[in-house]
Amino acid sequence: MMFDQLTEKMAGIGEMLQGKKKITAASVERALGEVKRALLDADVNLKVTNGLIESVRNQAVGKLLIEGVTPDQQFVKIMYDELVKVMGSQQAPLARSTKEGEPVVILLAGLQGAGKTTAAAKLAKFCQERGAGVAPAEEPQPEMKEGEVWTPPQREGPPGKVLLVAGDVYRPAAIEQLQRLGERIGAEVFAPGRDVDPVDIARGGVQYARDGGFDAVIVDTAGRQVIDEKLMDELVKVKGACEPDEVLLVVDAMTGQEAATLTAAFNERVGITGAILTKLDGDSRGGSALSVQGVSGRPIKFVGVGERIDDLEPFYPDRMASRILGMGDIVSFVEKAQKQVSEAEMAQLSQKMMDATFDFNDFLEQSKVVRNMGSMANVAKMIPGMAGKLSQQQMDDAEDRAERADLFISLMLPEERTNPDLLIRDAAALQRQRRIAKAAQVRPQDVAAFISDFQTMRTMMSRMSKRMAPGGDMGGAP
Ligand code: GDP
């Protein structure tokens, strides 16, 4: 899974500095050497890596020599800030239409197989959810205090009307693929056919969207196996024909460093406004996420995290940095969950998670939410303490365990569900656990393991909320 090794190494580096009262320039150098190796191993671009190391060194050496502060936490905090900066600091929002009453025009480019057609459909769904009407340019992310995480405001109103334009006339079946995807999400597809010039398709599509009162038009274009002049020429023409508000390059994270250099090349030749980094759920080492902005000067606006239509997320540098450092991504987690339950329910649930007062009923509720959110793998990455620590096997086991958990909870007495301590600290806790095991026809230790997981999760949530709180090492100023 992405960043596994990097995350693991970062934890090791933290440990290297842990417990030291005073830290010498030499040990900073040793830690930095490790960080550098970890970044390069994760396929981060050399220039980006060197810049980051230099920056961390400049801040770390002076700071860490101050007595009375824990150097490992300071080091991690400096790393965190630098990682966020390298990735562009703030979430770069999708453009709005600059012309009153006209649809926002989004052009997608990329090499064959990068996931362009899939991204077109995912983005269409995103625009549908963003809503109808030509709103003013999206509010930029406000200036944040250290450690604060920005959540965009919830949107309301009717769904956006989105047109998909099938401009990939070269790849066999690309048009049919887009038509199928469009049908699935209820978006109209403009597809005059394979024998029409892509430039005319783009121009015609945008005109059709203007005339039809669409809110957004997304133009899919042809990709090639490799970058070549003909492709670039054609893209420049297509761009000229449809005057896009947004030109997004779709790049595959699995290509490692190539993703960043490709973004730079397209930007130079065609002029792009950002990138969509796909397949971040795959086996990539994640370095591309760290390199794109630094190498190309263009932000990653979205990341693809799976093959399903819903598997597209806006790219948040701060959240990604937390993931890399193994701090999980509680914000994405809560946001995804928000889509599944009402805001009021969610507020209550997350408060309980933070306070570590949630009981087994909440657990049931939460695991229902989690299961609606996608695969265990995607969800686990976001949970503090779990990020980077689970293998595929462990993940599969986790799915099984989740089913068991439902069973165990269904066999609990109402008072046990609302008061987990009856199963943890009560004198008769063991007997209670055995009763459940017997009814579920499992070994008592299986029930005990579940209870212990439940307990660990509560503790982690509470620890995380303390770290995020003002005065905590990830929080604002005390
Ligand atoms: P195109 O040639 O660029 O249009 O590529 P496609 O959209 O057809 O995607 C190529 C393959 O990558 C398909 O099998 C997609 O399902 C898959 N794919 C696209 N995006 C993602 C992603 O974010 N994660 C994963 N795991 N697969 C993806």
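Tutor: Let's start with a rule: a residue is buried if 20 or more other C-beta atoms, placed from the backbone, lie within 10 Å of its own, exposed if 12 or fewer do, and partly exposed in between. Our model is predicted, with local features needing pLDDT of at least 70, side-chain atom pairs counting only at pLDDT 80 or more, and totals for chains, interfaces and linings using all residues. Residues are numbered from 1 along each chain as its sequence is written.

Student: What share of the residues in the chain is buried?

Tutor: The chain has 478 residues. The buried ones come to 43%.

Student: How many helices and strands does the chain have?

Tutor: Both are DSSP runs numbered from the N terminus: helices (H or I) have at least four residues and strands (E) at least two. The secondary structure of this chain comes to 20 helices and eight strands.

Student: What part of the contacts with a separation of 6 or more joins residues 24 or more positions apart?

Tutor: Two residues are in contact if their C-beta atoms, placed from the backbone, lie within 7 Å. Among the contacts in the chain with a separation of 6 or more, the part you ask about is 75%.

Student: How far apart are the end C-alpha atoms of helix H7?

Tutor: H7 covers residues 198-211, which is 14 residues. The expected span of a helix is 1.5 Å times one less than its number of residues. That predicts 20 Å for H7, and the distance between its ends agrees, at 20 Å.

Student: Within what arc do the buried residues of H7 fall?

Tutor: Pro198, Ile201, Ala202, Gly205, Val206 and Ala209 are buried in H7. The arc is that of the directions from the helix axis to the C-beta atoms. Seen down the axis, the buried residues of H7 line one face of the helix, because they fall within an arc of 125 degrees.

Student: Which helix do the buried residues of H7 pack against?

Tutor: Their partners include four strands that you can find in the model: E1 (104-110), E2 (162-167), E3 (188-190) and E4 (216-221). The helix among the partners spans 229-242 and is called H8.

Student: Within what arc do the buried residues of H8 fall?

Tutor: In H8, Leu231, Glu234, Leu235, Val238, Lys239, Ala241 and Cys242 are buried. Glu229, Asp233 and Gly240 are exposed on the other side. The buried residues line one face of H8, because their arc is 160 degrees.

Student: What covers the buried residues of H8?

Tutor: H7 is part of the cover. The strands in it include E1, E2, E4 and E5 (246-252).

Student: Which exposed residues does the face of H2 turned away from its buried side carry?

Tutor: Helix H2 runs over residues 25-41, and its buried residues are Val28, Ala31, Leu32, Val35, Ala38 and Leu39. They sit on the same side of H2, because they cover an arc of only 120 degrees around the axis. The face turned away carries Ala26, Gly33 and Arg37.

Student: What phi does Asp43 have?

Tutor: Asp43 is found in the loop between H2 and helix H3 (46-64). It counts as buried because 23 other C-beta atoms lie within 10 Å. Although Asp43 is not a glycine, its phi is positive, at about 75 degrees.

Student: Is Lys279 buried or exposed?

Tutor: Lys279 lies in the loop between strand E6 (274-278) and helix H10 (287-296). It has a positive phi of about 60 degrees, although it is not a glycine. With 25 C-beta neighbours inside 10 Å, Lys279 counts as buried.

Student: Which residues is Leu325 in contact with, leaving aside its neighbours within four places in sequence?

Tutor: Leu325 is found in the loop between helix H11 (317-324) and helix H12 (330-340). Its C-alpha atom is separated by 8.5 Å from that of Met79, 246 residues away along the chain. The residues in contact with Leu325 are Thr7, Met10, Val76, Met79 and Tyr80.

Student: Which helix gives the most to the shell around the ligand?

Tutor: A residue belongs to the surroundings if its C-beta atom, placed from the backbone, lies within 6 Å of the molecule. That makes 19 residues, the closest being Gly115, Lys116, Thr117, Thr118 and Gly304. With three residues, the helix that gives the most is H5.
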